[in-house]
Each structure stands twice: as C-alpha cells, then as structure tokens.
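Welcome, and thanks for taking a look at this one with us. Below is a short briefing on side-chain contacts, a pocket and a few backbone details.

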Amino acid sequence: MGSEHTVKSFDEELRRLDNMVAEMGGLAEVQLQSALEALIRRDIEKAAEIVANDRRLDQLEAEVDQHTIAMLARRQPMAKDLREIVGALKTASMIERIGDYAKNVAKRTAAIAEMPPVPSAQTVARLGGLAQQMVKDVLDAYLSRDVDQAKSVRARDRELDALYTSIFRELLTYMMEDPRNISACTHLLFVAKHIERIGDHATNIAEIVHFLVTGEMPTDERPRLDESELTIVSAPAESGEK
C-alpha cells in the first residue's frame, strides 16, 4: 500500500511539473505573439508591456528549478523518471530564453517605431510567424510526448534559417543603397536574429521530446540553413559609372 501511495504521489508531482512547464509555455507564446503584433503595428506601449511581463516567466522558471531539485533530492529517480525531471528542467530553461528573445524583439520595436518604415519589416514579421508556429507545435509535442510532431518542428528549422538568411541579405542591401536606412535596418537585423534564435530553442525542445520518449537524443545531423555568416553583398555601382 505504501509503495502504491509513493508511486501515485510521484506521478502527481510529475503532473504538477508538466503543468508548470505548460504555464510557462503558454506565457511565452503570448509574449511572442504580442511582440510580433507590436512590431507590425509599431506599438511602443504594447512593447513596454511585454518587457514588463517577462518577469513572470523568470519567476516560473525559478519555481520549476525549485520543484525539480526537491524531487531529485526526495525521490532519487532513475531511468525514465529521471529523464522526465531533467527534460522538464531543460525545457523550462529553453522557454525562458524564448521569452527573453520575445522581450528583446519588443525592446527593438520601441526604437524601430521612431524611424521611417522599412519594407523588410513585413518579411521579418513572417519569419516571426514561422517561429511562433514552431513554438506552439513543439510545446504541444512536449505535453503529449509526440515524437513525430517534435521531428516535424525540428525539420522546419531549416525553413526558418533559409528565410532568415534571405532577410539578412535583403537588409544589408537596403543599407548599402541608402545610408538613411542603416539605423532601422540594423534594429531589424537584431529582431530577425532574435526570432531565428527562438526557432533554435524550439528545435532544442523538439530534441528533448525525442530524448524523453526514446531515451536518446536524435542521431542525425541537425538541419541548418543559416548562411548569414557567409553572406556578402556587393555595393551598388555608382550612377556615374559606365
């Protein structure tokens, strides 16, 4: 009877841990969606709210840390139970970082809103939409322990990287064509990089899901098409040249 009670009690603690991670994920999703809306609408007030709300995510991560440490100390779990606790701890850390990047997008929005619009802003918002869907899907995969859905998210990081590289090249071109675009484009470059990193963290969570279910990390090479480090954009020819 005592053993049965202990198992039931441990299962309840694991469920509570999942609920805490789910609450973090829901808040991070809202933060990211709000940051993208503020970027598109050039809404400085909304951007400020997002920055302020990030504190709640930090608090939740601290609560997950405390809960997992207590569970490890009391239960001394092994095998799958240990994976569950470690997976939750790592996932909470990734979600907190996603929230940080959403906050950073909001901070950049405040500066971007003070400058003339740049056409690439809409493309950056589309990049954000891809990342947002990845985050939603991977959190669903985590809660349902769905390896196939996690694999799908991991594969989509390639598409996100390719679009990011395209935006990187496009923004460099705008800066070279007209120096007046440099400030706005620089802020947008940072925004695009923050979003690309959100995609990376969603991919990290997808790999954690694989580990939770199978006991192993994915063995195939991680898909990656971010070629921004290799991108070179030539200066446009001067109008007087023949």
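A residue is called buried when its relative accessible area is under 20%, exposed when that value is over 50%, and partly exposed in between. With a relative accessible area of 57%, Ala79 is therefore exposed. Please keep in mind that this is a predicted model. A search of the whole structure turns up 17 salt bridges and 1 aromatic pair, and the largest pocket has a volume of about 150 Å³.

**Backbone details**

- Ala79 is found in helix H3, which covers residues 79-112.
- The phi angle of Ala79 is near 50 degrees, a positive value in a residue other than glycine.
- Arg42 also has a positive phi, near 55 degrees, and it is likewise a residue other than glycine.
- For context, most residues other than glycine have a negative phi.
- Where does Arg42 lie? Its place is the loop between H1 and H2.
- At 26% relative accessibility, Arg42 counts as partly exposed.

**The largest pocket**

- The volume of this pocket is about 150 Å³.
- Its lining includes Arg42, together with Leu39 and Ile40.
- Also in the lining are Ile112, Pro116, Pro117, Val118 and Pro119.
- Ala121, Gln122, Ala184 and Leu188 belong to the lining too.
- Which elements give two or more residues to the lining of the largest pocket? They are H1, H4 and H6.
- By residue class, the lining divides into 10 nonpolar, 1 polar and 1 charged.

- The side chains of Glu23 and Arg56 meet in a salt bridge, at 3.3 Å from N to O.
- Glu23 lies in helix H1 (residues 2-41) and Arg56 in helix H2 (residues 44-75), so this pair ties together parts that are 33 residues apart in sequence.
- Glu23 is partly exposed, with a relative accessible area of 43%, and Arg56 counts as partly exposed at 33% relative accessibility.
- Arg154 forms a salt bridge with Glu207, and the closest N and O atoms are 2.9 Å apart.
- Arg154 lies in helix H5 and Glu207 in helix H6 (residues 182-214), so the pair ties together parts that are 53 residues apart in sequence.
- Are the two partners buried or exposed? Arg154 is buried, with a relative accessible area of 8%, and Glu207 is buried as well, at 11%.
- Salt bridges that share partners join Asp18, Lys80, Glu84 and Arg145 into one network.

- Asp140 forms a salt bridge with Lys136, with the closest N and O atoms 3.2 Å apart.
- Both Asp140 and Lys136 lie in helix H4 (residues 120-144), where they are 4 residues apart, about one turn of the helix.
- Asp140 is partly exposed, with a relative accessible area of 32%.
- Lys136 is partly exposed too, with a relative accessible area of 36%.

**Aromatic rings and charges over them**

- A search of the whole structure finds 1 aromatic pair, and its members are Tyr164 and Phe168.
- The centres of the two rings are 6.2 Å apart, and the angle between the planes is 55 degrees.
- Why is this pair tilted? Planes under 30 degrees apart count as stacked and those over 60 as edge-to-face, so the 55 degrees between Tyr164 and Phe168 makes the pair tilted.
- Being 4 residues apart in helix H5 (residues 147-177), Tyr164 and Phe168 are separated by about one helical turn.
- Tyr164 counts as buried at 4% relative accessibility, and Phe168 is buried with a relative accessible area of 17%.
- Arg97 lies over the face of Tyr101, at 4.9 Å from the ring centre.
- Arg145, a member of the salt-bridge network, lies over the face of Tyr142, at 4.6 Å from the ring centre.

**A contact across the sequence**

- Ala48 lies in helix H2 and counts as partly exposed, at 47% relative accessibility.

Terms used. Residues numbered from 1 in each chain as written. Predicted model: local features only at pLDDT ≥ 70, side-chain atom pairs only at ≥ 80, totals over all residues. Heavy atoms only, no water. Phe/Tyr/Trp six-rings, centres within 6.5 Å; stacked < 30°, edge-to-face > 60°. Buried < 20%, exposed > 50% of the residue type's maximum accessible area, 1.4 Å probe, protein only. Lys NZ or Arg CZ within 6 Å of the ring centre and 35° of its normal. Salt bridge = Lys/Arg side-chain N within 4 Å of Asp/Glu carboxyl O. 1 Å grid on protein atoms, 1.4 Å probe; cavity = no way out; pocket = protein on both sides within 12 Å on 5 of 7 lines; lining within 4 Å. Points joined across faces, edges and corners; volume = space filled by probe spheres on them. Nonpolar A, V, L, I, M, F, W, Y, C, P; charged D, E, K, R; others polar.
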